[in-house]
Amino acid sequence: MHIILVSSVRTIACIYLAGCLAATPIIASAQAPPQPVGPVPNARQIEWYHREIIAFFHFGMNTFTNDNEGDGTADPEVFNPTALDCNQWTNVLKRAGITTGILVAKHADGFCNWPTKHSNYSVKNSSWKDGKGDVVKEFTEACKKSGIKAAIYLGPHDRHDSRYGTDDYSDYYASQLSELLRNYGPIWEIWWDGAGADKLTTSYYTRWADTVRRYQPQCVIFGTKNSYLFADCRWVGNESGFSGDPCWSTINPFSIRDESSHIQDLNHGEINGQAYIPAEVDVSIRPSWFYHPEEDKRVKTVAELWDIYFNSVGRNSALLLNYAPNKEGLIPIIDAQRTDSLRYFINATFQNNLARKASIKAMHPRGDTYKPANLIDGAENTYYASAEGFSTDTLTFNLGSTQVFDVLMLQEVIELGHRTTGWSVDYSVNGKQWTSIPEATNKQSIGYKWLVKFKPVQAKYVRLRITEGRASAAIHTFGIYKQPVMK
């Protein structure tokens, strides 16, 4: 648990910084590294941020009953994917540049996608493979083969099991959780949905979190409501794919527990929050979570996915994008094509930082170790820091020649906490008369990554103004980019 133990978290951060961020030797005492401010991420959260996009797979009994929220009474015989191929799923992810996938092992209808020893309501009593199939096994093996990190959604709510909400159900859930964590290799994330799970107390989750930490100590926990104490990442407060602006990684844990009255806090985070629990932004590529043939013509467009990317990954969050395999057990071609195209736009846009050759002047530089040029060297383990005592700063980029751009990116050193709390970006043709970029004016948070897109501008000079901060700035990347034309 990492909620208020700031001193221990700072120790972790300092160890990480010593191994990564401070690779360049400090050459003068005046260039001592900035110290962390406020809550900072643990190692699991740092790795989680670097996934950027995570895939969700909603596949189960609801796929075959054409439901989204089954009541737990459907006959297991109904479950019968005729061509299940989890290797096809992971191939789709590889083409889309997605390195992690979460499988729904059990949704709220209680049907289990693996032959659990603790319930008859599972694939072992289905007609699929004469009851000898195991979706979780096929999924985790396909992930291992493809180099994809496998993760599991084990729904806490259960409409099938009459013990739900009792101590006996806690035993049942703990046994199933243990099965999944012990028998299927590394599990990268466990997803504890809060929907319908109000009867489950924090004491139940305490036991279950102990199980996670015992068998999979590096596993990320998505926590909501009564699992708030153990959350490495939080719900963003909606299912539209949009984080707030600002979106802080910090939040008060009770805001997660009492989510119905703190939706804005979930969406925006809280700059003075006591815990570092960033937002994971869940959204489906289709209107529903599970496959429905009538939605084949309602798959999100590339333009919609592009906006979602900017408003999730580009707002200091991770995007959890849902695929809905069909009754055959395959991801439909149109869904795969759309995420192929999303990856094309990501790669084509960010492969060329138009500021990479700029000369940079800073008003309050810290020294050569933390020099302005670190902002454009493409390395995460070097960064620019303003001098101690200066929480505001101005950095002017001379691009050398006029450039046309319509995207900008900032990345803060998250291991040092949220530091900059106000910033704007301007551009100029001659370095004298400056024009603000409206979409990049009076911004607040940065965090792991902040992206802004706008109408194309022409400039030879770009200026980053850090107008507010809790401490000296620590930013490892500043970039300007041009999007390809979207047809």
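## Notebook: a look around the chain

**Entry 1, the whole chain.** I started with the secondary structure and found eleven helices and 17 strands in the chain. The radius of gyration came out at 24 Å, close to the 23 Å that the globule rule gives for 487 residues, so the chain is as compact as a globular protein of that length. I kept in mind that this is a predicted model. Along the principal axes, the C-alpha atoms fill a box of roughly 75 × 50 × 40 Å. I also looked up burial: 60% of the 487 residues count as buried. Then I turned to contacts with a separation of 6 or more, and 76% of them join residues 24 or more positions apart.

How do α4 and α11 pack? I found an angle of about 25° between α4 (residues 86-96) and α11 (residues 333-350), with the axes 8 Å apart. Angles under 35 degrees count as roughly parallel, so these two helices are roughly parallel to each other. On the α4 side, Val92, Arg95 and Ala96 make the contact, and α11 brings Ala336, Thr339, Asp340 and Arg343. I sorted the residues of this contact into three nonpolar, one polar and three charged.

Next I picked Ser445, in the loop between β15 (435-436) and β16 (450-469). Is Ser445 buried or exposed? Its relative accessibility is 0%, so I noted Ser445 as buried. Leaving aside neighbours within four places in sequence, I listed its contacts as Pro246, Cys247, Trp248, Trp423 and Trp450.

Technical notes. Residues are numbered from 1 along each chain as its sequence is written. This is a predicted model: local features need pLDDT of at least 70, side-chain atom pairs count only at pLDDT 80 or more; totals for chains, interfaces and linings use all residues. Side-chain values use heavy atoms; hydrogens and water are left out. Helices (H or I, at least four residues) and strands (E, at least two) are DSSP runs, numbered from the N terminus. Buried means under 20% relative accessible area, exposed over 50%, partly exposed in between (1.4 Å probe, protein chains only). Contact means heavy atoms within 4.5 Å. Axes are lines fitted to C-alpha atoms, for helices over the stretch in contact, and angles run from 0 to 180 degrees between N-to-C directions. Angles under 35 degrees count as roughly parallel, over 145 as roughly antiparallel, 65 to 115 as roughly perpendicular and the rest as oblique. Ala, Val, Leu, Ile, Met, Phe, Trp, Tyr, Cys and Pro count as nonpolar, Asp, Glu, Lys and Arg as charged, and the others, Gly among them, as polar. The radius of gyration is taken over C-alpha atoms; the globule rule is 2.2 Å times the number of residues to the power 0.38.
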